[in-house]
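Dear colleague,

Here is the structure I said I would hand over. My notes on what I found in it follow below.

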Amino acid sequence: MIPALAHIPDSTPRRRASRSLARRTADAIGAAVAEVLVNSEVAARPGLLQRIDPRVKLISIVGFAVTASFVHSVSALSAMIVLTLVLAAASRVSPVSFVRKVMASAGLFAVLLAAPAATAWITPGHAALTLGPLTVTSEGLYIAVRLIARVVAGAGFGLLVVWTTRWTDLLRALTAMKMPDLVVATLAMAQQQIMSLLRTVENMHLARESRMLSRGTARENRGWVTERMAFVAKKSFKTADDVYDAMLARGFAGAMPSLVRLKTAPRDWFWLSGCTLTVALLLVADKMGNLR
Amino acid sequence: MTDTGTPAATPPATTALAYELAGVAHVYPGGGTALEGIDLAIAPGEHVAIVGANGSGKSTLLKLLDGLVFPDRGTVASFGRELTEDALEEPSFRREFRGRVGFVFQDADVQLFCTTVFDELAFGPLQLGLDADRVRARVDEIAAALRIDKLLDRAPWGLSGGEKKRVAIASVLTMHPDVLLLDEPTNALDPRSQVWLVELLADMKGAGATVVVATHDLSIVEDFADRVVALSEEHRVAADGTVQEVLDDRDLLLAVNLIHEHAHRHGSLRHEHVHGHSTGHDHGHA
């Protein structure tokens, strides 16, 4: 069941009145729920990565992400970014949504983090650009671009795993890869409880809005949001206790045995071989200085 | 219900009561009485409705019966063995007791903590140590019986309220319990799901299971219960008798806040009568 707030709005541009903090919070919560639901829909599409065994996919994509942290040349990192876009397209993920998400989640953060490194204060060198007292050096710029490219490539690969794998399959893959049962169970419960709490918070905001005759002052809204945050924190503790009771009631004694038996197909091995070859080529080219 | 695996628990001794509570009192961790002076005996195979207003202690009583909380005074025994924290620390008794008693929580969201419905149904049998084939057989059997077999691959959080309740009940039934405890099972259920639930409880009676349901929904009580225990707002047993004895006692139901005085007009005629949350009433006029 998709909450009302989670429906994707039509794209018709229209002027909107400025929204209260409470309303923006409710909208953000709705968007968070919607994103999980959209992710489930993307993971169910018949794309390239969706067809790969979750364990093989996890290993290969994590392999790419780790490789991105080892290569030094911007060209190699750029090639990896292009690879994420190709894989996204082959997996029926909208490249626009993909780029937007990667940039919003990691790209902007990386830019903010890397920007100081481009200046002469942090990285002395040949001046490439001077803006008043600020001098950007070409050496610093190269370092900053490399850092940003590395983060974007890593985030892109991470996002590909998350978007093209059902959450349940991802947890199964972690179980099959000998991740401790308790860790997997905690991840599973965390997701369920976060979804449950998100719905609670969304309903609280809507209930308040339905009884409000005015938008209230910013101070009132902040106070209300803060108070509700405390309420949700308290509720989450109680929920955690209840979940634990529910586990005990069904015999939980500390272990989470599973019946998961994943099977690989020839295409999984073909995919893994291709990924290994690609990683090897990237590392060799980077090492030999063929790429800069 | 077909048993496709080794029973999780040894069969209960025929002479032992399913539950025997003597002078039980329980206080909430933050203070405040939850239950006071509860004496109660439940025989194997009985279907008991625990009724009472919100806050009367029904949920706490069920948690006591499931060994999730323990009395501050008095004793709770199940099938001849006292339920204490120490007793439930013993792996053999814990396994036996958890396999024998199933608890369906009021809020299905807290009960559904696995990644898929299949895992949810398999959780209990796996904890009981059943082998993979038996676990799968039980999951298939219960999923088919509760008509949730098409949901097995779904994540529980994405289900509707009625589906969640079915899965929560199924997750307990896969353990083949002798005793089923249900806390406000009709909460948030649509009418069709409520009918389904009442039919399921009737089936449980046919299977010889002991069923204890905490509810303030009087409409379902006479459909499944042999006996009704009413808790007062003072957290004590106010009445313990047959369904007719308790539900026909208007003064009692008014006293425990399960029905209330109600007055309204039909044109120029004003009249008063008692009114329950779900019990029908006859106005005696057109």
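S232(B) is buried, at a relative accessible area of 8%. As with everything in these notes, the value comes from a predicted model. In chain B, S232(B) sits in the loop that joins strand 9 (227-231) to strand 10 (237-242). Once neighbours within four places in sequence are set aside, the contacts of S232(B) are S56(B), A238(B) and V256(B).

C114(B) has a relative accessibility of 6% and counts as buried because the cut-off is under 20%. C275(A) is also at 6% relative accessibility and counts as buried. There are zero disulfides in the structure over all chains.

Now chain A as a whole. It is built from nine helices and two strands, and their order along the sequence is α-α-α-α-β-β-α-α-α-α-α. Chain A has 292 residues, of which 39% count as buried. Among contacts in chain A with a separation of 6 or more, 73% are between residues 24 or more positions apart.

Helix 2 (residues 54-70) packs on helix 6 (residues 167-176) at an angle of about 80 degrees, and the two axes are 8 Å apart. Helix 2 of chain A is therefore roughly perpendicular to helix 6 of chain A. On the helix 2 side, the contact is made by P54(A), R55(A) and L58(A). Helix 6 of chain A contributes D169(A), L170(A), A173(A), L174(A) and A176(A). By class, the residues of this contact are six nonpolar, two charged and no polar.

R55(A) comes up again in the contacts of K263(A). K263(A) lies in the loop between helix 8 (218-249) and helix 9 (266-287) of chain A. What does K263(A) touch, not counting residues up to four places away in sequence? The list is D53(A), R55(A) and D268(A). K263(A) and R55(A) are 208 residues apart along the chain, and their C-alpha atoms are separated by 9.5 Å. Is K263(A) buried or exposed? K263(A) has a relative accessibility of 75%, and it counts as exposed because the cut-off for that class is over 50%.

Regards

Methods. Residues numbered from 1 in each chain as written. Chains lettered and ligands numbered in written order. Predicted model: local features only at pLDDT ≥ 70, side-chain atom pairs only at ≥ 80, totals over all residues. Heavy atoms only, no water. Axes fitted to C-alpha atoms, helices over the stretch in contact; angles between N-to-C directions. Helix = DSSP H or I, 4+ residues; strand = E, 2+ residues; numbered from the N terminus. Parallel < 35°, antiparallel > 145°, perpendicular 65-115°, else oblique. Contact = heavy atoms within 4.5 Å. Nonpolar A, V, L, I, M, F, W, Y, C, P; charged D, E, K, R; others polar. Buried < 20%, exposed > 50% of the residue type's maximum accessible area, 1.4 Å probe, protein only. Disulfide = S-S within 2.5 Å.
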